[in-house]
Amino acid sequence: MPEPTKKEENEVLAPAPAPPPEEPNKEKEAGTAPVKEPNKEKEAGTAPAKEPNKEKEAGTAPAKEPNKEKEAGTSPGKDEEDASPPGGLPPGLGSRALERKDSEWSIGESPAGEEQDKQNANSQLSILFVEKPQGGTVKVGENITFIAKVKAEDLLRKPTVKWFKGKWMDLASKAGKHLQLKETFERHSRVYTFEMQIIKAKENYAGNYRCEVTYKDKFDSCSFDLEVLESTGTTPNIDIRSAFKRSGEGQDDAGELDFSGLLKRREVKPQEEQPEVDVWELLKNAKPSEYEKIAFQYGITDLRGMLRRLKRMRRVEKKSAAFARILDPAYQVDKGGRVRFVVELADPKLEVKWYKNGQEIRPSTKYIFEHKGCERIMFINNCVLTDDSEYYVTAGDEKCSTELFVREPPVMVTKQLEDTKAYCGERVELECEVSEDDANVKWFKNGEEIIPGPKSRYHIRVEGKKHILIIDGATKADSAEYSVMTTGGQSSAKLSVDLKPLKILTPLTDQTVNLGKEICLKCEVSENITGKWTKNGLPVQETDHLKIVHKGRIHKLVIANALVEDEGDYVFTPDDYSVTLPAKVHVVDPPKINLDGLDADNTVTVIAGNKLRLEIPISGEPPPKALWSRADKAIMEGSGRIRSENYPDSTTLVIDIAEKDDSGVYHINLKNEAGEAHASIKIKVVDIPDPPVAPNVTDVGDDWCIMTWDPPLYDGGSPILGYFIERKKKQSSRWMRLNFDLCKETIFEPKKMIEGVAYEVRIFAVNAVGISKPSMPSKPFVPLAVTSPPTLLTVDSVTDTTVTMKWRPPDQIGAAGLDGYVLEYCFEGTDDWIAANTELIEKTKFTITGLPTDSRIYVRVKAVNAAGASEPKYYSQPILVKEIIEAPKIRIPRHLKQTYIRRVGEAINLVIPFQGKPRPELIWTKDGAPIDKNQINIRNSETDTIVFIRKAERSHSGKYDLQVKVEKFVETASIDIRVIDRPGPPQLVKIEDVWGENVALSWTPPRDDGNTAITGYTIQKADKKSMEWFTVIEHYHRTSATITELVIGNEYYFRVFAENMCGLSEDATMTKESAVIAKDGKIYKNPVYEDFDFTEAPMFTQPLVNTYAVAGYNATLNCSVRGNPKPKITWMKNKVVIKDDPRYRMFSNQGVCTLEIRKPSPYDGGTYCCKAVNDLGTVEIECKLEVKVLEAGQGVE
């Protein structure tokens, strides 16, 4: 059971039975308000005293005036539900007995006199307060709280509240041990609550208090009185010295009296079952001195309310002329039972009518009437909780009344809740069964009661004895322990909610919406989960204007009437997920009572800027609800510029600072239970007209122009009389009026302008009210003539359906500039010119599409600027629409003319451009066989073909041939691709000889060279003791080597790695035997070596290759040669030695010979020869050089 809050001064001494649901037709008494949660009832220290007439209610004292009673030291506000409920009820009396507020049961009612009228008047005149603090009474040593509430709907920030005692004492500086100030804000109702609590009141606290609230230029205040009464209670026989002990020195409460010793704890004992007793009969027959004793014995905490009802009962007990015996004051019956009401008439001829809550009861199977002599009997069968009400019977002009209390037996839980697991977004149902149909059952989550509502995700479904708690769209926050509680038992279970993987089924889409139209942002995700909407990074709050809909997996944000303020970036973020769904909303603005006192056509005229307050009298019973609307859009009550104010006898339309957009027909709809009424009022706002739209300059001359414009969208409610025109130079800020007499037309010709100077013009509209604001300036224009015709109109390309034309800009453009071109064509034999482009184009090239094949067309082009179109430029002859066959041509990139080398595992991506029309047919082969497309990907386009290998293998090496075919024309090209890898290890490593500190090694080359030449070897040694390998020689080119500087006395092993351009071999070949370096004492004989002959005849190691060069771009021929002695290099062209020619440059570096030909021409093509000569011989090598000339517009590969 949840514990009472900290505001309670004393704990409830005994548990109270749960009261039945509230009935809206019953008034509420202070201190007897019904409580929604039986387990959270609060009795603010209202324990009964042991001696009669000596009541002790914590913070509660009887007031001198009935309307100033306080419960638990808290002044009641408008809603009496804040008062403390009774803690318990006597046996045999229903829980409603203390909640009745009918006139026949209460005593000490507030007089409906001048004071009540005064309070009502003050309440209506309040500006900011929605609930004012009320005066109160408190006993010495007890607590009291004063409450003020302020509505925050029209406030942009928190209002300022001050509490005063007397006229000037500000209590904010007195806050501390005996005075506490508190403020809270309720987001749903948007109400600020300000509390002032006086703790342990003293006699000098009595007096007049004042509460002031300010917000900007608004101010409101309220005065109230506090009366402090001297405590009249007696204390038990205890040690008074210990009770009046002082607190320890140095503490916060030093010097204050401590009354805690006077309090005595009392254990809560379980209530024993007692026979049912009619407490009303006991009180009616008891002496006043015994009232408190009876209340204490039967657990009556609200004795004062009981006495008020008893007094009323006694007041109405008077001799009746119509009734010989009246109804009992109250009846009690169990739920499902039968009750019998009996009255005895003095005259049996009188007609009797029975009523329930003011409504006449008709005979039925539930209500049975019997007549026995003078007795009139009414039976109520199968009583339910709704029968708990006030009943009265009338006979002639008299009536007698009673109350029926229906007691509900304890409800037991027959089927317990079960632990449940679910995913986020799923519908969860927790089910239990109880012993009674439609029983009162409360659900709790982690000990806090679940209160379902229209906007709550928690719903409770009752199917007879079965009660089901439904959670729509479960979230991880719903993981908790849920319990159900009845009047006779309870059950609990755990719910575990986990997340599901989220998928976006339908994302949000950007929208462009007209002003006043509906905006509907809709998305769908894979799970039924909640989420948050934000606009421009700020959370979106649901209002009358904006609705957030969550239905299953679909989330919607609906704005019924779009405003400019609704434009922005909207984002939907699902709860517990990091996914966001963005959308942009763009709102565009494209250009709505037959009554006395109004004109015949119900028109009300108001001047723009003035305030309109239109009050329409209305009548009806009950008072009708008035709804103002305009163009199907409701005008709500509030503080908007256009708002409605409703009163019981009138309704008012208020328009602050009327604007032109307020003109239209306004509708009033009156509706109550009796029917509906409708009326319309036309409101006309008279104002100056809107500015016209920016004028359009349609024609420009040397010193003149023609301008046109459209009338303004809004004429201010008065016809347009004419227009004023102004112009200015673009660089100037001084406008000059061109006409002093109103221009009646919407066209005007300004003159006397300076040629070549940019001008702007604008318009003013004039009606009977005045002159409008100026229109936006026109586009700048220059009074100049048109340009000269375009030049060099030529055909760029022709296909079977298109013709592409290109041209050069006009020779003379002028200061007006050039806006673009218009390309037109006509078919041969006709004069109908057709525009090929619907909009101006800035480029000097355009393709005419959709032409029939084999047709002939004429083409012309015009240049357009602000002054108009120039004279056309014609193509001199008709153009045949038919594609021209172009022979194929393959353009091999320069790096592919030599062998293309790639390592194993690297990607090969070769792009080979080609030409040919129509689209050529391409055939690839590898080493004369078709290419396996499972290993090699070939992609072809209209201008190139691509060979792609994701991971190259050595099997991909070979010669690739490309054949490009256009009808009977064929072009071929070849590409050599070599895929290389690391080599294998050498085949055998031997120790040839060992002497001194030296070892001679030899080995044979590896069987696998990795598809490329071996570039060297790496030799390593290892001591036999440690077998740690160390490199002694790297990048060694020969197959034998001598290892020196070995340590004498050690034994060594050797191994050799092969190396090529991919790197070292993965494995090495090790010597089978070891080499032992002998110690001193051994005679070493130097071996005899013969001198090695290093002489060698010239030999080309890299030959010349045939080369294609482009005219005007440098070309180079390369080869490599070796020989000893160094050979002499001579270059020849067509067998003629190249010597002292500045067009050629020759280089030789480390055996690489290069011939550079500067900017060759076709004349430089031919056969080139490189000759190497030394004493041992001569060698020559040749290649062919072809120089190509590029065509116009053709790029360099």
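In which loop does Val564 lie? Val564 is placed in the loop between strand E34 (554–559) and strand E35 (568–574). The legends below refer to a predicted model.

**Figure 1. Overview of the protein chain, which has 5 helices and 86 strands.** Of the 1197 residues in the protein chain, 39% are buried. The chain exposes about 68,800 Å², and carbon and sulfur atoms supply 49% of that area.

**Figure 2. A nonpolar surface patch that includes Val564.** Leu515, Leu563 and Val564 make this patch, with an area of about 210 Å².

**Figure 3. The stacked rings of Tyr209 and Phe224.** The structure has 20 aromatic pairs. In the pair shown, the ring centres of Tyr209 and Phe224 are 5.9 Å apart and the planes are at 15 degrees; planes under 30 degrees apart count as stacked, so this pair is stacked. Tyr209 belongs to strand E8 (residues 207–215) and Phe224 to strand E9 (residues 218–229), so the contact ties together parts that are 15 residues apart in sequence. Both Tyr209 and Phe224 are buried. Ring pairs also link Tyr209 and Phe224 with Phe146 and Trp163 into a cluster.

**Figure 4. Lysine charges over tyrosine rings, in two places.** The charged end of Lys399 sits over the ring of Tyr392, at 4.3 Å from the ring centre. Lys1133 lies over the face of Tyr1163, and here the distance to the ring centre is 4.6 Å.

**Figure 5. The loop that holds Gly597.** Gly597 is located between strand E36 (581–588) and strand E37 (603–607). Its relative accessibility is 82%, so Gly597 counts as exposed. The C-alpha atoms of Gly597 and Ile616 are 9.7 Å apart in space, while the two residues are 19 apart in sequence.

**Figure 6. Cysteines in a structure with 0 disulfides.** Cys1170 is in no disulfide, and the nearest cysteine sulfur, that of Cys1119, is 3.8 Å away. A disulfide needs the two sulfur atoms within 2.5 Å. Cys1170 has 0% relative accessibility and therefore counts as buried. Cys743 is also classed as buried, because its relative accessibility is 12%.

**Figure 7. Salt bridge between Glu659 and Arg641, from a structure that holds 43 salt bridges.** The closest N and O atoms of Glu659 and Arg641 are 3.8 Å apart. Glu659 lies in the loop between strand E42 (650–655) and strand E43 (664–672), and Arg641 in the loop between strand E40 (633–635) and strand E41 (642–647), so the bridge ties together parts that are 18 residues apart in sequence. Glu659 is partly exposed at 36% relative accessible area, and Arg641 is partly exposed at 30% relative accessibility.

**Figure 8. Salt bridge between Lys862 and Glu824.** Here the closest N and O atoms are 3.9 Å apart. Lys862 is part of strand E56 (residues 856–865) and Glu824 is part of strand E53 (residues 820–827), so the pair ties together parts that are 38 residues apart in sequence. With 12% relative accessibility, Glu824 counts as buried.

**Figure 9. Salt bridge between Glu1182 and Lys1135.** The closest N and O atoms of this pair are 2.7 Å apart. Glu1182 lies in strand E86 (residues 1177–1188) and Lys1135 in the loop between strand E81 (1128–1133) and strand E82 (1136–1137), so the pair ties together parts that are 47 residues apart in sequence. Glu1182 is partly exposed at 38% relative accessibility, whereas Lys1135 is exposed at 60%.

Methods:
Residues numbered from 1 in each chain as written. Predicted model: local features only at pLDDT ≥ 70, side-chain atom pairs only at ≥ 80, totals over all residues. Heavy atoms only, no water. Phe/Tyr/Trp six-rings, centres within 6.5 Å; stacked < 30°, edge-to-face > 60°. Helix = DSSP H or I, 4+ residues; strand = E, 2+ residues; numbered from the N terminus. Buried < 20%, exposed > 50% of the residue type's maximum accessible area, 1.4 Å probe, protein only. Lys NZ or Arg CZ within 6 Å of the ring centre and 35° of its normal. Patch = residues over 30% accessible without salt bridge, like charges linked within 9 Å, V, L, I, M, F, W, Y side chains within 5 Å. Areas by Shrake-Rupley, 256 points an atom, 1.4 Å probe, with all protein chains shown as cover. Salt bridge = Lys/Arg side-chain N within 4 Å of Asp/Glu carboxyl O.
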